[in-house]
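Here are my notes for your review. Please read them with the coordinates open.

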Amino acid sequence: MALALTARRAGPVPAPLRAKRRRDRLTVLAFLAPWLIGLSVFFIYPLVMTLYYSFTRFDLVTAPHWIGLRNYEFFLTKDPKVWQAVRNTAWLVVILVPARMIFGLGVSMVLTTVRRGGGLFRTLFYLPALAPPVAATLAFVFMFNPETGPVNVGLAKIGIQGPLWFNDPAWAKPALVLLGLWGIGDLMIIFLASLLDVPKDQYEAAALDGVRPWQRFRYITFPNIRPVLTFGAVTGVIAALQYFTEASVAATVASGKANVGEGIGTTLGYPDGSTLTYPQWLFVKGFSDYALGYASALAVLLFAVSVIFTVILLRKAQAFTPTEESLR
Amino acid sequence: MKRQRFFATLGAGLALATVAACTGSSTAAPSVPPSPTAKVTGTVEFWHFFTGREEAAIKTAVADFHTKYPDITVNVHGGQDDEKMLKAIAAGQPIDLALSSTTDRAGKFCQSGAFKDLKGYIDRDKLDLTQFPDAVLAYTQFNGVRCTLPMLSDVYGLYYNKAMLAAAGVNEPPKTLGELTALAKKLTVLNPDGSIKVAGFVPLMGWYENAPAHFAPSYGSKWLNADATSAIGGDPTWQEMAKWQKDLVDYYGVDKLTKFTSGLGQEFSADNAFEKGKVAMVIDGEYRSAFVTAEAPTLPYATAPFPTGDNHTDLYGGGYITGNIMGIGKGSTNPEAAWLLMKYLTTDTDAMVKLANSIKNVPTTKAALSSPKLEADANYTTFLKIFADPHSSTTPASPTGSQYQDTMADFFTKWQTGKVSDLQAALNDVDKQINDALALATGP
Amino acid sequence: MSSIALEQIPRAASMTTPTRRRRRKESVFAFVMRWCMVIALSTVFLAPVIFIGLTALMSNEQALTSQLWPQSWHWDNFVTVFQKAPLLTYFANTLLYASLSTVFMLVSSVPAAYAMARLRWRGRNLAFLAVLTMMMLPPQVTVVPVYVMWSHLGLTGSLWPLILPNLFGDAFSIFLLRQFLLTIPQDYADAARIDGCSEFKVMWRVILPMAKPGIAAAAMFSFFFAWNDYYGPLLYTSENPNQWTVSLGLANFRGLYQVQWNLTMAMTLLVMIPVVVVFFLAQKSFVEGVTLTGVKG
């Protein structure tokens, strides 16, 4: 019998029950209080303020000055670089996310076939995901150095002229994808658990019917793991929309500039703006150029796009919001 | 009656001034600060951008100041770039004295009030502004508001490897960019597989100190009009520069150049490509000499003014000047002490000469420039001469900071990789971006 | 909904399930293919780590070349790193940031998750939706006003703007804890209530001890996130090097100290070690916790 804090009764409510209900409500309030404060202070308030700032010119040192829709107008018509940032982020959403999903699924499927030592390999495959993103990016940029890095040296040994990787605008983002695949561990773990959770009897029945492997995947495996795939896809998209660290570290390191006294704003996007993601441009505009009003406008637009994906998730999330029965 | 009217007018005037100050930019009309009645004491939070060897030199200068003013303690914070300083000022952190590595943000600092207007202090203490050369006076103020003073300058010129030139039978540095190009081709050494082993000159924009701003004095190119709008599209010398640059890039091949540069050492490390003999000629600042002495003392190099465009030989002898600027932070809790430290570092001849000798930057007062204590070897003298040359120029101040230079750099990135077909149209587009950004930052 | 730990899954749960009647012998081909893939994947995942390790032991000159095997072994590189950068300070800062964040998170998020999972009240679903939305929001969207707020409080230049918000709940942790708490059967709680325990006692004495794996998982996620955080410290502490965390210190190591790749790689390894150690010590709970965020659907 679940605790019913809002049970209804016919007739007047006796005093002891009223007191109990009030105590229960207070309990809930007490438990929720810190989070409610956090919700207002760190979520609702900043959202409202960001919206306000997006209509102003604000450089952090002087007070905000209202300019109406000029920031949005600037975004639409006067900031060519932002479109490059939008394209780069969109590229990541469209390429990086599916790549990780497919690779993650592939790796976990291979792992399900390993009977002995499965735990060891699972740990091994997970380890790269534990590396701090900065460290992993540094290592990759170093490894993919066009002249001296082991990747190109190895390719040269088998006769392939390696590309310039992080120094080539056409290859910088693919190199970031490779970095993302190396850290596939977190997705792999979830997929693996889900794959192992598929009811065995369904497989047995299929084996008896002589179902081919591809059909088995399509009709048994896939429907059973679909919620996990959805979760992975949506969180992957959200992460792609926020992609900042790896791209900025890769750009600063690969460009070789020492940035004495210049700050981080001058090297982001190297090479040729190909790694400039939307959040990085927001950061540059806000905290390098101090056009905080414009940065807020960019933030509002990013929020709008994230909301769309949140709505998609919430539709799917009905699947993992528990029903009444499961609370019993 | 008269007295009443006088006070009424005074009150009205004050009210108007207050209203004007509140609705306009936050830089209110500077009041003349009263002379400190007591001796100035206390702590000065001094933020600067130097690191490593150069930071030690600043610390020495500060120690000397403390000897002269034992009641003032200076807390030094090194490695702070402009971004960090602006953030700290905005957050209300007490920065008393700030040293910025570049003149790019003088416009922003002065216009937004991040640095205090110094007029009051200058007038009160009767600081003689004529002791600073005109060029540096120009980049320390914006729109009539002087919020910074110059402290040490950077001057750019040509560094060349004497041995490599001699091996090719050349004993004089090139004076025009045409000569430079020919010499660069001669000095380049290729590997058996066709990749670059040693480059005569790397023309890629964005590599080391290759920036449009540094090449502008070679052509006398104009950046901005007096109202900070862009003058680039209308100035044909930019097209000359672009064509020269692209010709040399295409000679090497932009892919080969990128592969070559991506394998070179970091600019301010001991693996600097020029110091390691991987590039024969570079454009760099006078500070490079100090690095070479410390990191590659046997390098056979010399310096000269950077070559000019083929049609602009009259400009020879000049170069790009920039410098460091100092200001008193908006939220300073001890502006008088900060002002004393600033005056010491920017005008005390001995202090400036000592600092210039150790960092090998160019001093910014006429007295220091002509001081007998200034150690000037042949290479350093080159830059002193460039600094004094009337053809030298700097990048103008703008409320958008260095945005216009970044836009130009973006253009060159596209241009050198062959993505621009109509040069004039592209430059007009640069104009538009610069003007749009200006309008967003300063419009009604 | 019982929680399934990977260890509890019978080893025989593979795609080619043996039936009771006959054991399907898999072909040699399939065996070889499978192990080829496993070995190939292992190489791919391990090779960068080995490369980092080898480079960390090289001399600086050799690190710039393409030779892979160190000609001289410089174990002292690991010591030099501590001399060249205040690595101990970075570790201390990061440890402070990560542990305080985690503790604060637990204090604020566990009760909230408990309320959302095990108590019934009007608006519970709405609250959960709010948590989900908070999770999905990119931090860059709210960074400007939050930064201004912290600067007015005078806390920029330190790690407090990153630590203190955890006192007010962390959306991802609430989500994870809620999912886990939902899996605990009601019977234990009901028994305690019948015995007259207050809600708080029920939570503290009965449910939370059973929720240890979930709490451990949430704690570890929080710890790893803080340890690896680059954007947060970049924003709030970049002007104050003595407040830098290991991520920020590592990223700036190549700038300030005239990059030496061998030392940079040594520092990379040093930064990775604590995280790996923590993971090894608490693998089981972590995997259980990770599983539960996505599996049930």
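1. A term comes first. A nonpolar core is a set of buried Ala, Val, Leu, Ile, Met, Phe, Trp, Tyr and Cys residues joined through side-chain atoms within 4.5 Å. Keep in mind that this is a predicted model.

2. By that definition, the largest nonpolar core holds 207 residues. Trp35(A), Phe125(A), Phe166(A) and Met116(C) have the most contacts inside it. Helix α4 of chain C, residues 87–118, supplies the largest share of this core, with 14 residues. A second core is separate and has 121 residues. Phe50(B), Ile232(B), Phe291(B) and Leu374(B) are among the residues of that second core.

3. Phe125(A) deserves a look of its own. Setting aside neighbours within four places in sequence, Phe125(A) contacts Val107(A), Leu111(A), Gly185(A) and Met188(A), among others. Its contacts also include Val38(C), Leu41(C), Ser42(C) and Phe45(C) in chain C.

4. For chain A as a whole, the secondary structure amounts to 13 helices and two strands. Of its 328 residues, 56% are buried. Take the contacts in chain A between residues at least 6 apart in sequence: 63% of these join residues at least 24 apart.

5. Next, strand β9 of chain B, residues 279–285. Is this strand enclosed or open? Seven of its seven residues are buried, so β9(B) is largely enclosed by the rest of the structure.

6. Two strands of chain B pair with β9(B). Strand β6(B), residues 149–161, runs antiparallel to β9(B) and is joined to it by five bridges. In this pairing, Leu158(B) stands opposite Ile283(B). Strand β8(B), residues 196–201, runs parallel to β9(B), with two bridges between them. Here Ala199(B) stands opposite Val279(B). When viewing these strands, recall a general point: in a regular strand the side chains alternate between the two faces of the sheet.

7. His214(B) links up with this region. The residue sits in helix α9 of chain B, residues 212–219. Its relative accessibility is 11%, so His214(B) counts as buried; the cut-off is under 20%. Beyond residues up to four places away in sequence, His214(B) touches Tyr156(B), Glu209(B), Ile283(B) and Tyr320(B). A polar atom of the His214(B) side chain lies 2.6 Å from the backbone oxygen of Glu209(B). Leu315(B) is 101 residues from His214(B) in sequence, and their C-alpha atoms are 14 Å apart.

8. Ser158(C) is in the loop between α6 (139–152) and α7 (160–163) of chain C. Is Ser158(C) buried or exposed? It counts as buried, because its relative accessibility is 12%. Which backbone oxygen does the side chain of Ser158(C) reach? That of Leu155(C), at 2.8 Å. A polar atom of the Ser158(C) side chain also lies 3.2 Å from the backbone nitrogen of Trp160(C). Outside the four places on either side in sequence, Ser158(C) touches Tyr236(C), Thr237(C) and Gln243(C).

9. Last, a helix pair in chain C. The axes of α10(C), residues 199–210, and α11(C), residues 212–228, come within 5 Å. They cross at roughly 70 degrees. The two helices are therefore roughly perpendicular to each other, a class that spans 65 to 115 degrees. Leu208(C), Pro209(C) and Met210(C) of α10(C) meet Lys212(C), Pro213(C) and Ile215(C) of α11(C).

Terms used
Residues numbered from 1 in each chain as written. Chains lettered and ligands numbered in written order. Predicted model: local features only at pLDDT ≥ 70, side-chain atom pairs only at ≥ 80, totals over all residues. Heavy atoms only, no water. Helix = DSSP H or I, 4+ residues; strand = E, 2+ residues; numbered from the N terminus. Buried < 20%, exposed > 50% of the residue type's maximum accessible area, 1.4 Å probe, protein only. Contact = heavy atoms within 4.5 Å. Polar contact = N/O pair within 3.5 Å; in protein donor to acceptor, adjacent residues only side chain to side chain. Pairing = 2+ DSSP bridges. Axes fitted to C-alpha atoms, helices over the stretch in contact; angles between N-to-C directions. Parallel < 35°, antiparallel > 145°, perpendicular 65-115°, else oblique.
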